[in-house]
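Let's take a friendly look at how charged side chains pair up in a protein model. Have the sequence and the 3D view ready as you read.

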Amino acid sequence: MAADTAQLHDRIATLEKEKIECLELIKTLHRKIHALEEENDLLAVENERLRAQEPLSVVDGQSNVAPETGIGIFDLPINTTYLEECDGAKYITQELAEVEGVGGGLNPLCVRICTFPSLPASAAPFIPDTVLVAVGGVDKFLTLYRVETNGSPSEKVLVLSGFGGPLLSLDFFAAGEEEGRLLVTCMDGSHSVVHFNKHRPVDACVVHARKDHEKHAVIGRWSRCGRLYATGGHDKAVHLYDSNGGGALKSFYFLGNVEALAFVDRPASGCGKVLKPLETGEAQTRGEGGLIACSRPFLIVASRNVAHLTYIDCDSFEKHTVSLNNALWDTHVSFSVLSLAVSPCQEFLLAATDKSRVILYRIGHNEQLRSLYGHRADEYSNPRVAWDRNGNYVYCSSQEGNELVGWSLASERVVVKLKGHRALVRDMTFDPASCLLASIAYDKTLRLWSS
């Protein structure tokens, strides 16, 4: 009997091993299938160009399909307000508060700040209520702070553990007046969605958790209506999810490591599937009878070593590549985009590069409207960009000086350098409702900045 049991255990162990090998083989085949699909798409485009007798651009002896200069759906009159001087516009100038010892003695890696209004977003006046700051890092803990009315963070209101690796990115979604969700991505390739109540954040819990990336999941972002979110990783993959849970709606694969993601609303003239948002908010529009709806947005993807951004239509899953260079014929990769931020009006895109340069684009187009210099960022850095509330000023972390740099878009000049951190700034974020800028650094401090 004992011998039979031992043989049975051995057989089970063998089957388990074979199962794991089969799963790995399936993953490998999926990657090969996606790679072949990408190659097939490129060949189809080149075939069309050959039929039209258009010349192909050649880089290093290999044919290369030039990306688009723009996406037709975004061909709308440009709003020049952000590019002009604005009297009375304020920008961040001073440190408001400092919290030491964040990250449990280890390096913090990501920070996010969000305001939960005491009144619905459609009500007037708009009165901020609870401001929460989330911090994650090497210690694998998610820590929430509540910001008091004087700007000083109170004691920790939540420390949540159980994540599979160091936390690499965070993103808030205010699902209502009281409910919130936080998207967490980790170094082990996993991501989690944390649900919490602003009055009882200590009761926060993980409602979704998946591990779909084979390497670091470096970035995760919510759509503005909150029905979709996406994650990107150094396995060169992006996964798009429905916030209700389950597997990825669609997976996309790229030639280089994915570094940045950003959702942008579909223009009002565009058509697409309509989603019911979780709650009222800026991304929502009211139709007949006061019904709330929002269209599926576009997802913008930046990956290393390519000369374009990829715009993914979250309705049809169609991909558009828009050149990063002013000239369409220029397919040279002179820089990589490491951070993206969409303007409050959803018409402009900030791109922080690894060449000490921040570029302002019109959404869906390749024209470089502004080039901002005055900070330091190379290929090993993690620059982060953010807009101010009105869109007249923008901010980026610098690799040197342990500082944050702010520019006026109208003049392209540096207007402020925020100093206070004693080590490299790892992440920063701006909250338009409270007008607070939050940053974390390797000096293990969280700092809040205000105008």
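## A neighbouring pair

D354 is buried, with a relative accessible area of 6% (buried means under 20%, exposed over 50% and partly exposed in between, using a 1.4 Å probe and protein chains only). K355 is partly exposed at 46%. The side chains of D354 and K355 meet in a salt bridge, 3.6 Å from N to O; the term stands for a side-chain nitrogen of Lys or Arg within 4 Å of a carboxyl oxygen of Asp or Glu.

## About the model

This is a predicted model, where local features need pLDDT of at least 70 and side-chain atom pairs count only at pLDDT 80 or more, while totals for chains, interfaces and linings use all residues. Residues are numbered from 1 along each chain as its sequence is written, and side-chain values use heavy atoms, leaving out hydrogens and water.

## Bridges across the sequence

The structure holds 16 salt bridges. One of them joins E98 and R447, at 3.3 Å from N to O. E98 sits in strand 3 (residues 94-100) and R447 in strand 33 (residues 445-450), so this pair ties together parts that are 349 residues apart in sequence. Strands (E, at least two residues) are DSSP runs, numbered from the N terminus, as are helices (H or I, at least four). E98 is partly exposed at 32%, whereas R447 is buried at 2%.

E259 and R304 form another salt bridge, with their closest N and O atoms 2.8 Å apart. Here E259 is buried at 12%, and R304 is buried at 17%.
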